[in-house]
Amino acid sequence: MSSLKPVYVTQPYLPPLDDFIPYLKEIWDNKVLTNGGPFHQQLERALCTYLKIDHVSLFSNGTLGLITALQALRVTGEVITTPYSFVATAHSLIWHGNKPVFVDIEPITLNMDPTKIEAAITSKTTAIMPVHCYGNPCDVEAIKRIADNYNLRVIYDACHAFGVEDRGTSILKQGDLAVVSFHATKVFNTFEGGAIICPDAETKQRIDHLKNFGFVDELTVIAPGINGKMSEINAAFGLLQLKHMDFVFRRRSEIDFAYRKGLDNIEGIHCLPQIASDVKNFSYFPILIKSDYSLSRDQLYDKLKEFGINARRYFYPLISQFPMYRGLPSADSKNLPIATQASREVLCLPIYPALSEFDQQRIIDVIGKGCA
Ligand SMILES: *Cc1c(COP(=O)(O)O)cnc(C)c1O
């Protein structure tokens, strides 16, 4: 067993290196390295076409995208969000001077439960930041109804939702703004990177200014903007990567199918249903380890590790349990029973284009054996 290569929860897809050389040559020739150069502009156009969206502004990572989205919409005070996410969701609120208010998730999708939002609204609430967890769309209509009623902005942390479509349109068009991440661990990557999907050219322009220190022209600065620009190297890699996304999604869907089949009859193992109706992205493969399984979640996690298989406990601990959040009244686990339970039961299994049939079968076999 020790001679086998370790398997990780994800592995970036890298197109053939030779295919990247012409892009590098072009950068070396024209000597534009960043600041909205030709590859940056090309990638924005290519993403609009590929994702069926109207306007996008590239960033050096998703976290700066989230912070800038809050700044662009002038979000102040309290923001309602989910504890069941990567820590950057709530961190972006702190960085922009907002107070996160956690509401519980619902048990099927593990997304923010819209029926819990109204009770969390106060006179200080100005926005909602939900997450399309694992690429499963939130109940966007219910969230929009509440936001419209209370005049709140909605910023989707769509970092898991690249390529997801629901009811005939990109899920990235939902909300006032949506933010995606192109980090190396995500379905589509530019090494590091991210983007804000904007509804109109005016909003995109404001965001383009904010990610460049607030510069509007050589002499005019309109806000204390950050440096969030994507470099030409990252943008060029994104253009190349985009050509391979159909293959990436096809392989991921095959792996998803094989897991569902292989894990179907194992008592105490629940695969999370895929909710997106039209186009899914198979970005993660979460399972829930219930009490009738022969091992605890952490015992299964350790057992897989013994076999060189590195699953991940996304999302454990909950964001609300980290020291900078746990003092908040909304962080109390009594306020978040579903999220608390999910964080104790979840395990994300390896899923990426290069995962071999052999390794996937080993994973299924270890889970199937349990304590035996
Ligand atoms: C990856 C991720 C982020 C942060 O994106 P970076 O590009 O790594 O800054 C934020 N939120 C969620 C839900 C993520 O998965």
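How many nonpolar, polar and charged residues are in the lining of the second largest cavity? Five nonpolar, two polar and two charged residues make up that lining, and the legends below take you there and to several other spots. Before you zoom in, note that this is a predicted model, in which local features need pLDDT of at least 70, side-chain atom pairs count only at pLDDT 80 or more, and totals for chains, interfaces and linings use all residues. Residues are numbered from 1 along each chain as its sequence is written, and side-chain values use heavy atoms, with hydrogens and water left out.

**View 1. The largest pocket has a volume of about 640 Å³.** Its lining takes in 35 residues, and F86, T185, K186, Y314 and F315 lie nearest the centre. Sorted by class, the lining has 18 nonpolar, eleven polar and six charged residues. The elements giving two or more residues to this lining are α3 (62–72), α4 (88–95) and β14 (346–349), and α3 gives the most, with three residues. Pockets are found on a 1 Å grid over the protein atoms alone, as open sets of points with protein on both sides within 12 Å along at least five of seven lines; a cavity is a set of points where a 1.4 Å probe fits but cannot get out, and lining residues have an atom within 4 Å of a point. Volume here is the space filled by probe spheres set on the points, with grid points joined across faces, edges and corners. For the classes, Ala, Val, Leu, Ile, Met, Phe, Trp, Tyr, Cys and Pro count as nonpolar, Asp, Glu, Lys and Arg as charged, and the others, Gly among them, as polar. Helices (H or I, at least four residues) and strands (E, at least two) are DSSP runs, numbered from the N terminus.

**View 2. Two cavities of 30 Å³ or more turn up in a search of the whole structure.** The largest cavity holds about 50 Å³ of space. Around it you will find Y134, N136, R260, L272, P273, Q274, Y284, F285 and P286, which sort into six nonpolar, two polar and one charged residues. The second largest cavity, at about 40 Å³, is lined by T10, Q11, P12, Y13, K186, V187, V248, R252 and P353.

**View 3. Cis peptide bonds join Y314 to F315 and Y316 to P317.** Omega is about 10° for the bond between Y314 and F315, and near -5° for the bond from Y316 to P317. Look for F315 in the loop between α9 (297–306) and α10 (337–345); P317 also lies in the loop between α9 and α10.

**View 4. K52 has a positive phi, near 55°, in a residue other than glycine.** K52 sits in the loop between α2 (38–51) and β1 (55–59). It counts as partly exposed because its relative accessibility is 48%; buried means under 20% relative accessible area, exposed over 50%, and partly exposed in between (1.4 Å probe, protein chains only).

**View 5. F282 also has a positive phi, of about 50°, although it is not a glycine.** The loop between β12 (269–271) and β13 (285–289) holds F282. F282 counts as buried because its relative accessible area is 13%.
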